Amino acid sequence: MKHGIGAGMVMAALLFASSPGAAAGQPAPPAPSPTPGVVALRAARMFDGRSDREIADAVVIVEGSKIRDAGTGLPVPPGATLIDLGDVTLLPGFIDAHTHVTGEASESWISDFYQGLRRTVAEQTLLGSSYARRTLASGFTTIRNVGSEKDMDVGLRNAINRGWVEGPRMLVSRYALGATGGHCDQTGFPPETFGPETGVAQGIIHGAEEARQAVRLNVKYGADVIKVCASGGVLSLGDDVSASQLTDAELSAIAEEAHRLGRKTAAHAHGDAAARAAARAGFDSIEHGSFVTEETLALMKARGTYLVPTLLAGEWTGGKLERFPPEIAAKAKAALAGRSDMFRRALKSGVKIAFGTDAGVSPHGMSAKEFGLMVDLGMTPAAALRTTGTAADLLGLSALIGTLEKGKEADIVAVPGDPLKDIHVTEKVLFVMKGGRVSVRPAAQRQP
Ligand SMILES: [Zn+2]
């Protein structure tokens, strides 16, 4: 309870401050110019995310960055700019709780690795800004970036907040915390290939005391959330995908320290034992969860731990095995096989499911495919749409985003037709507004 309120306040300060970075002594950034006056959006339908139903003849009144009102047939206020979107459905801006926006996998794992070694941090961050723009254009107005190196994520978040580049609102983790030789370490190469051994400054921890120090360092340098690698991973060399990689003492120290500092905690865990240990240690979410059992799901439900299933990552890696070295291909195949049954078990268990894709593993800009994948595995379209509201809750931002209602940020997308009849229309976003600013509008609406 205590840490929940703290996290919400920290997030609000970080994400919605008018001049981020001013406290650090930087010159005042140029504020993004707000949409002047009042804007009214009109659409055939709206799914506001507060229930499983749509309403017809929808009007959303936007003033500055906020929603002034939303409902059926509301009168357009005099002097307001009317944007009549026609036969579309308005939805809350999509929220992705698991992204890697500073990178993107191509058709070849080996080529990505080689090209990555040759790029400067500046080049990689600029690439990240192009991925961020694509992400926003596809309807994602908020993302949580879980794991990045050399402060590319912090830099990109700050640049977006300052209006230097276009992109979604970002919560960032800096380095994911993990064990020597684990998923978050550079594993699978001889000693000294990458210089001195990685340590606490890169999130590689040994014992509870270093775990605390790593949390403090991440917070010191701008992390909004703390991410750990509790189990092995799919796209790492030399580790077992389901093995637990952190001790109970390390996990507890991380959760306690992060929560004391008002930060949420996310645990990457494919293996069941790792997921259970992280849930027991008080982590806010289990990411992936490929091999999580009924028993662990019951524990997560009882503790209020969220599941972030990242179905798209399994789909993209498990469906394209030829791109990977054989040891990674074998893990991708196993994770894909595990996750579909796990997702069905999760639906039955009633655990809270928050939207998350692992975008970056899949190309940025196609993350709305996650909605269709959840529906394919038995979720109703309405429940799938509402997982982004659950993501807002996981991020500690549900007072500000996640539904279309009076007083919330004007983060609004429009999709053609009716997503309750065809969930795949979420992949064809026509209109995007973030904090009252329009970033994408239909061709018919474009002014010369
Ligand atoms: Zn990930």
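Predicted model: local features only at pLDDT ≥ 70, side-chain atom pairs only at ≥ 80, totals over all residues.

**Entry 1: strand S13**

I started with strand S13 (residues 412-416): four of its five residues are buried, so the strand is largely enclosed by the rest of the structure. For me, buried means 20 or more other C-beta atoms within 10 Å of the residue's own, exposed means 12 or fewer, partly exposed is anything in between, and the C-beta atoms are placed from the backbone. Helices (H or I, at least four residues) and strands (E, at least two) are DSSP runs numbered from the N terminus.

Residues are numbered from 1 along each chain as its sequence is written.

Which strands pair with S13? I count strands as paired if DSSP finds at least two bridges between them. Strand S5 (residues 88-92) runs antiparallel to S13 over five bridges, and strand S14 (residues 431-434) is also antiparallel to S13, over three bridges. Val413 in S13 sits opposite Leu91, and its bridge partner in S14 is Val432.

**Entry 2: the two domains**

I then checked the domain assignment, whose bounds come from an automatic or database source. It gives domain 1 (38-93 + 403-445) and domain 2 (94-394). Their C-alpha centres lie 30 Å apart. The contact takes 20 residues from domain 1 and 23 residues from domain 2, with contact meaning C-beta atoms, placed from the backbone, within 7 Å. On the domain 1 side, S5, S14 and strand S15 (437-440) are the elements that give two or more residues.

Next I looked at helix H7 (residues 272-281), where eight of the ten residues are buried. Among them are Asp272, Arg276 and Ala278. The cover over the buried residues includes helix H6 (248-260), strand S10 (264-269), strand S11 (285-288) and helix H8 (294-303). Just after H7, Gly282 takes a positive phi of about 100°.

Leaving aside neighbours within four places in sequence, Ala278 is in contact with Ala230, Leu251, Ala267, Ala269, Phe283 and Ile286.

**Entry 3: single residues**

Val351 is in the loop between helix H10 (326-349) and helix H11 (369-376). Is Val351 buried or exposed? It is buried, with 25 other C-beta atoms within 10 Å. Its C-alpha is 6.6 Å from that of Met300, 51 residues apart along the chain.

I finished with the phi angles. Most residues other than glycine have a negative phi. Asp151, not a glycine, has a positive phi of about 60°; it lies in the loop between strand S7 (140-145) and helix H4 (152-161), and counts as partly exposed with 19 C-beta neighbours inside 10 Å. His288 has a positive phi of about 80°; its place is in S11, and with 30 C-beta neighbours inside 10 Å it counts as buried.

Conventions: Contact = placed C-beta atoms within 7 Å.
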